[in-house]
Amino acid sequence: MFLTGFLSRFKTEWIAQRYVFAAMGMLAMVNCYTMRACLSVAINEMTPPPYTSPSAAAGEDSCPVDTSTGPATNGSSSGTTKEDYPFDWSSESIGLILGAFYIGYILTHVPGGMLAERFGGKHTLGFGVLTTTLSTCLTPWACQVGDVAGAVVVRIIMGLGEGVVFPAVFVMLAKWAPMQERNVMGTIVLAGNQLGTLLGNLLSGYLLHWFGWTTTFYVYGGLGLAWYFFWLILCYSEPSESPFTSDKELAYLRKNVVGAQQTKEKEEKVPTPWLPMLTSPPVLALIFTEVGHDWGFYTMITDLPKYMSDVQHVKIADNGILSSLPFLSMWISSIVLSAFGDYILSKGVVSNTTLRKVFTTVGSVGPGAFLLAAAYAGCDGTLVVTLFCIGMATMGAFYPGMRVNALDLSPRHAGTIGALMNGTGSLAGIAAPYIIGMIAPNGLMSEWKIVFGINFAVMAIPNLSFIVYGSGDVQWWDDPDGKRPRPAADDDDAERANLGVRPTPTGDHRGDHTPSAPAKY
């Protein structure tokens with residue numbers, strides 16, 4: 001009786017189920033990224049820092065070491081030696097281990113999107129997080145038994161599991177997020193990666209300081225298991241499947257969510273339009289821009305703690321705090337900018353396409369410029385961290401920019417597009433740590449200036465394709481009937497036809513995705 005009454009109140013009185021999904025989806029991303037990021041911090045306690053010659057340490061190419069509190073470099077006057085670390089991995093091996101995750105990550109993106117579109121996102125996403133969780137718990141054992149090879153294998157398996165998470169999230173957002181709330185809901189869920197990286201860096205520093213390097217993996221793995229338990233109970237692939245969705249909310253979602261209007265029987269008969277999708281200029285521009293964004297983002301995830309340790313010589317507990325601040329800035333800015341984006345769209349100030357292009361440009365050029373400036377800030381730790389925070393705050397514009405763009409282009413195939421963009425972008429996750437390991441093996445400022453110079457170029461150049469070809473409109477091939485655009489009747493329609501956009505009747509500007517004023521729920 002108590003449980004029945006509880007579920008009844010949960011369904012009709014407490015909170016809309018789309019917000020329950022948004023919260024649990026965000027926590028899924030948080031868990032995935034804490035588990036992904038914890039090795040980047042823990043590895044500074046697992047392996048000795050790079051050797052810095054006395055002449056370099058005394059010059060302008062290296063920051064001074066506080067031997068009373070900071071980590072020692074090999075050959076310093078501190079008593080810390082290689083023998084005090086459980087592993088003696090080279091800089092290249094560390095880059096290989098950190099990048100190995102993305103080898104598996106890429107392989108399951110497209111299959112994960114297709115599975116989620118066909119069978120629903122709930123269990124696809126849940127299985128991905130569970131696989132990541134179990135791999136995290138096994139990481140200490142794999143490193144101790146298999147050394148570099150063991151670490152690489154367990155990271156690949158972790159990537160295989162987490163690779164299905166993003167496409168499954170896109171599929172579920174297409175079912176649960178009304179157009180009028182898409183920017184905010186999409187950002188709340190997808191920006192969980194920043195919050196997860198923040199918490200992963202912040203808590204890992206303390207866990208490493210007080211309990212040792214193995215503890216971080218067990219703590220985050222335990223939190224992942226707890227999340228999976230609640231996910232199975234509370235969340236469902238579609239609003240109509242959830243016993244907690246009220247009749248009022250279900251009616252609202254069916255009216256305002258394209259994905260919720262599609263019946264499962266109809267979706268199963270709609271093949272993925274591979275040729276039109278893979279030759280669509282807006283999709284190709286989106287994928288290309290994602291590669292640039294991911295290069296910068298993964299550089300920060302995998303190598304910011306290493307930069308703070310090797311170059312700034314920050315002790316491990318403080319490293320976790322300082323490495324988390326830029327991601328806190330990014331998380332806050334992504335939420336604020338997404339709310340602002342929804343507001344100006346609701347007022348008809350700009351079209352959806354313009355909004356996506358402006359925010360994506362800010363999120364491309366801003367981070368690259370400020371991170372490069374940080375590399376030239378020398379040993380002024382306060383200025384360096386401030387510039388990192390400003391740069392990552394501008395990166396938050398990606399979320400109301402290109403991050404939710406797959407939902408614009410094709411609500412029916414958002415999972416597949418999300419898989420293509422995130423999977424292709426993950427190539428940067430493989431390349432960036434390894435290349436950085438080769439460029440900056442000695443932890444010198446001159447080496448890291450090159451790293452952040454390359455980062456600026458890789459982030460800014462692909463953005464040009466999005467400025468030219470990006471779109472916020474539903475594409476014609478999203479239509480299950482596969483009808484091509486009609487002949488252009490005016491200049492606006494001509495531009496839409498050139499981009500392959502589904503035509504709209506005269507006077508109907510739904511393609512701009514500027515929301516009307518639907519009934520509120």
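There are 20 aromatic pairs, where rings of Phe, Tyr and Trp (its six-membered ring) pair if their centres lie within 6.5 Å, with planes under 30 degrees apart counted as stacked, over 60 as edge-to-face and the rest as tilted. This is a predicted model, in which local features need pLDDT of at least 70 and side-chain atom pairs count only at pLDDT 80 or more, while totals for chains, interfaces and linings use all residues. Residues are numbered from 1 along each chain as its sequence is written, and side-chain values use heavy atoms, with hydrogens and water left out.

**Aromatic pairs**
- F101 and Y102 form an edge-to-face pair, with 4.9 Å from centre to centre and 80 degrees between the planes, and both residues are buried (under 20% relative accessible area, with exposed over 50% and partly exposed in between, for a 1.4 Å probe and protein chains only).
- F229 and F230 also make an edge-to-face pair, at 5.3 Å centre to centre and 80 degrees between the planes; F229 is partly exposed at 49% relative accessible area, and F230 is partly exposed at 44%.
- Ring pairs join Y33, F101, Y102, Y105, F297, Y298 and F327 into a cluster.

**Charges over rings**
- R36 lies over the face of Y105, 4.8 Å from the ring centre, where the rule asks for NZ of Lys or CZ of Arg within 6 Å of the ring centre and within 35 degrees of the ring normal.
- K122 lies over the face of Y236, at 4.1 Å from the ring centre.
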